[in-house]
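Hi everyone, thanks for coming.

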Amino acid sequence: MSLYCRNFSNLIAKRCFASSSKIPDLTKDRYPIQRGQYAELSDKDYAQFESILDKNRVLTGSDTQGHNIDWLRSVRGYSNVVLKPKTTEEVSEILKYCNSRKLAVCPQGGNTGLVGGSVPVFDEVVISLNSMNKIEYIDEYSGIVTCQAGAILENLESKVQEKGLCVPLDLGAKGSCHIGGNVSTNAGGLRLIRYGNLHGSVTGVEAVTATGQIMNLMSNFKKDNTGYHLKHLFIGSEGSLGIITRLSIQCPTASKAVNVSFLGLNSYDDVMNTFLMAKKELGEILSSVEMIDEVSLNCSNKVFNGQSPIDVFPFYMLIETSGSNQAHDEEKLNEFLRKAMESSLVIDGVTTNEPGKMRNIWLMRERIADSLINIEGYCFKYDISLPLTHFYEIVPATKERVGDLASFVCGYGHIGDSNLHLNVACKNFNQEIYKAIEPFVFEYTSKLKGSISAEHGIGFHKTKYLKYSKTPEAIAFMKQIKELMDPNGILNPYKVLPL
Ligand code: FAD
Ligand code: 2HG
Ligand code: ZN
């Protein structure tokens with residue numbers, strides 16, 4: 001074990017756009033789906049939108065293109081209008097009008113979602129939260145922060161940092177995703193092991209329902225047991241029950257002492273046992289435990305000209321500690337690493353508390369998703385929860401199943417939360433490989449009693465597979481809730497629930 005960090009100067013590299021400019025097929029052509037019985041936009045509708053918003057916040061024509069294609073370039077709608085409200089009242093007016101006209105709408109945050117939920121399937125009206133980005137109030141005593149839903153996660157993080165706080169959520173898309181999009185997807189991310197999911201951290205939500213009703217469920221307290229906990233219906237419902245316009249979130253105190261270790265291991269069993277040891281030895285200071293396989297790391301470093309600080313291994317782990325006393329944390333971390341190496345679980349590694357070096361190690365991890373969609377023409381993504389004793393088996397099983405149809409198959413993810421990211425990269429989307437992978441991956445997951453979506457959600461891509469994780473009774477109840485809250489079915493149709 002080398003307890004030092006090598007020079008990372010060439011790690012920060014330019015993004016590779018080689019295949020990223022590819023425009024996907026229209027969703028309606030790629031998938032067997034029919035447009036619902038919604039109205040089509042007329043001149044009168046454009047005029048009405050312009051009377052609710054000013055003219056430059058009603059985008060049409062080529063200005064709508066980026067809003068029709070998802071980050072993965074896996075789906076494409078053909079909406080001709082993007083609305084950019086600035087206030088909750090404007091969102092309410094828009095929805096009231098769309099509901100009265102039976103115009104379908106697609107709520108959109110930073111458009112970084114990975115399940116095809118954030119763009120229209122057909123010609124739905126896009127309601128972009130981009131202009132609702134005010135950070136309204138930071139209560140440094142309670143740590144509760146109130147903001148509009150369109151605040152970009154990274155901007156929110158910078159603002160709360162000024163008060164010695166941190167957002168209890170971090171993910172590779174932080175430069176573009178909105179906090180409202182994060183809440184709508186119940187995003188997990190890199191530190192869920194420390195801070196839990198957003199159902200716990202979000203103290204209040206303001207949302208507009210399909211009929212334009214403003215539901216003020218805001219609260220500046222962690223403790224509020226008054227009646228049914230309605231805010232949870234909006235957290236993770238992916239824009240299908242309402243549009244989140246504002247929210248309050250509990251931000252913990254930022255840690256004074258942070259350390260990052262990057263470790264090389266020989267087998268998945270060693271990864272699992274190192275995780276167990278990390279939990280026992282590091283206890284309350286453990287703030288992230290990520291696993292990366294060799295193919296995933298290679299891809300990130302190849303696309304971004306990165307360089308691993310250690311030799312090549314079949315598996316890597318990124319372990320982060322966050323606490324309040326550097327000497328204490330370092331002592332614990334060193335003791336853990338000594339034990340892990342003595343028992344031959346960890347073969348090599350580096351550890352650092354220098355901000356630049358920690359950032360570079362994190363970049364290698366955070367850029368995997370981006371590298372996987374840029375190295376080949378297409379990437380199938382699965383974010384599944386699996387029991388740790390069977391966590392990695394699905395990677396070789398999928399590899400065997402797809403054979404030469406794929407360029408490569410890899411696995412990485414939030415092992416600290418039992419969440420694997422299985423990725424299958426290939427030259428182009430095609431029916432043969434699609435049918436080889438789905439429903440295979442979901443059946444495999446279901447047999448192990450896993451979840452077919454650990455964090456990205458159901459979106460457009462997984463509606464027909466919801467049954468692998470939820471009973472018919474649960475799905476029927478979800479449909480009843482949807483009908484109650486959105487009687488005309490205008491909010492993000494074709495998403496979340498099976499048709
Ligand atoms: P969008 O993509 O715009 O929308 C996502 C869904 O939420 C859509 O269904 C949309 O209709 C709905 N929606 C958006 N805003 C609102 C709103 N205000 N009200 C109602 N509905 C709304 N996810 C994780 O969980 N963990 C990760 O570690 C992670 N890492 C990622 C890394 C990268 C590089 C990328 C590209 C994505 C990653 N994601 C991750 C996916 C993740 O779901 C999103 O990045 C994020 O949570 C979505 O936020 P967004 O603002 O981009 O929402
Ligand atoms: C991550 O953890 C994201 O980086 C993306 O959730 C996962 O690329 C993926 O499959
Ligand atoms: Zn993830």
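Before we start, one term: two strands pair if DSSP finds at least two bridges between them. Please also keep in mind that this is a predicted model.

With that term in hand, look at strand β11, residues 286-293, and β15, which pair in the antiparallel sense over 2 bridges. One of the contacts to find here is Met291, whose bridge partner in β15 is Gly413.

Now stay with β15, residues 408-414. How many bridges join β15 to strand β16? There are 7, and β15 and β16, residues 419-426, run antiparallel. His414 stands opposite Asn419 in β16. The two strands form a hairpin with 4 residues between them, and Ser418 in the turn has a positive phi of about 60 degrees.

Is β15 buried or exposed? Of its 7 residues, 7 are buried, so β15 is largely enclosed by the rest of the structure.

That brings us to the zinc ion, ligand 3. The zinc ion is coordinated by His414 through NE2, His421 through NE2 and Glu455 through OE, at 1.8 to 2.1 Å. In sequence, the donor residues are spaced H-x6-H-x33-E. His414 is buried, with a relative accessible area of 3%, and His421 is buried too, at 5%.

Finally, let's turn to two helices. Helix α11, residues 294-303, and helix α14, residues 368-375, pack at an angle of about 75 degrees, with their axes 8 Å apart. That makes α11 roughly perpendicular to α14. The residues of this contact divide into 5 nonpolar, 4 polar and 1 charged. Among them are Cys299 and Lys302 in α11, and Leu372 and Asn374 in α14.

Notes. Residues are numbered from 1 along each chain as its sequence is written. Chains are lettered from A and ligands numbered from 1 in the order in which they are written. This is a predicted model: local features need pLDDT of at least 70, side-chain atom pairs count only at pLDDT 80 or more; totals for chains, interfaces and linings use all residues. Side-chain values use heavy atoms; hydrogens and water are left out. Axes are lines fitted to C-alpha atoms, for helices over the stretch in contact, and angles run from 0 to 180 degrees between N-to-C directions. Angles under 35 degrees count as roughly parallel, over 145 as roughly antiparallel, 65 to 115 as roughly perpendicular and the rest as oblique. Contact means heavy atoms within 4.5 Å. Ala, Val, Leu, Ile, Met, Phe, Trp, Tyr, Cys and Pro count as nonpolar, Asp, Glu, Lys and Arg as charged, and the others, Gly among them, as polar. Donors are N, O and S atoms within 2.8 Å of the metal (3.2 Å for Na, K and Ca); water is not among the atoms, so sites may look incomplete. Buried means under 20% relative accessible area, exposed over 50%, partly exposed in between (1.4 Å probe, protein chains only).
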